[in-house]
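Subject: Structure for you to look at

Hello,

Here is the structure I promised. Please open it next to this email and follow along.

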Amino acid sequence: MRYQVEFLPAALAQLRALPKEARRLIGGKIDRMRDDLAADVKKLQGFRNKYRLRAGNYRVLFELEGGTIVVYDVGDRKDIYE
């Protein structure tokens with residue numbers, strides 16, 4: 001299954017604030033994730049439809065809504081889960 005990817009405005013602003021190399025890495029991982037969640041994706045414990053994508057020292061938090069991946073948070077791994 002191929003997923004559509006949508007970014008919430010706050011997540012898009014967070015992504016744009018990252019260094020260019022980090023944005024490139026995250027973009028590549030999101031591209032691979034679109035095909036059957038084929039990247040380093042794990043379900044977050046205690047939540048029904050929330051997942052995280054690992055991209056180096058950065059994390060992308062998202063929800064699955066049918067055939068759509070909704071990205072709601074992007075940031076450094078030490079700050080993202082707070």
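**Tyr-72 and its strand**

Tyr-72 sits in strand 5. Keep in mind that this is a predicted model.

The cut-off for buried is under 20%.

Now look at what surrounds Tyr-72. Leaving out residues up to four places away in sequence, Tyr-72 touches Leu-8, Ala-11, Gln-14, Leu-44, Lys-50, Leu-61, Phe-62 and Glu-63. Leu-12 is 60 residues from Tyr-72 along the chain, yet their C-alpha atoms are separated by 8.5 Å.

Next, the strand itself. Strand 5 covers residues 68-76, and seven of its nine residues are buried. Strand 1 (residues 4-7) runs parallel to strand 5, joined by four bridges. There, Glu-6 stands opposite Val-70. Strand 4 (residues 58-65) pairs with strand 5 in the antiparallel sense, over eight bridges. In that pairing, Phe-62 faces Val-71. Strands 4 and 5 form a hairpin with two residues between them. Gly-66 lies in the turn and has a positive phi of about 65°.

Last, the core. The largest nonpolar core holds 20 residues. Ile-26, Met-33, Phe-62, Ile-69 and Val-74 have the most contacts inside it. Helix 1 (9-16), helix 2 (20-33), strand 3 (50-55), strand 4 and strand 5 each give two or more residues to this core. Take Val-74: beyond its neighbours within four places in sequence, its contacts include Ala-11, Leu-15, Ile-26, Val-60 and Ile-80.

Best wishes

Key. Residues numbered from 1 in each chain as written. Predicted model: local features only at pLDDT ≥ 70, side-chain atom pairs only at ≥ 80, totals over all residues. Heavy atoms only, no water. Buried < 20%, exposed > 50% of the residue type's maximum accessible area, 1.4 Å probe, protein only. Pairing = 2+ DSSP bridges. Core = buried A, V, L, I, M, F, W, Y, C linked by side-chain atoms within 4.5 Å. Contact = heavy atoms within 4.5 Å.
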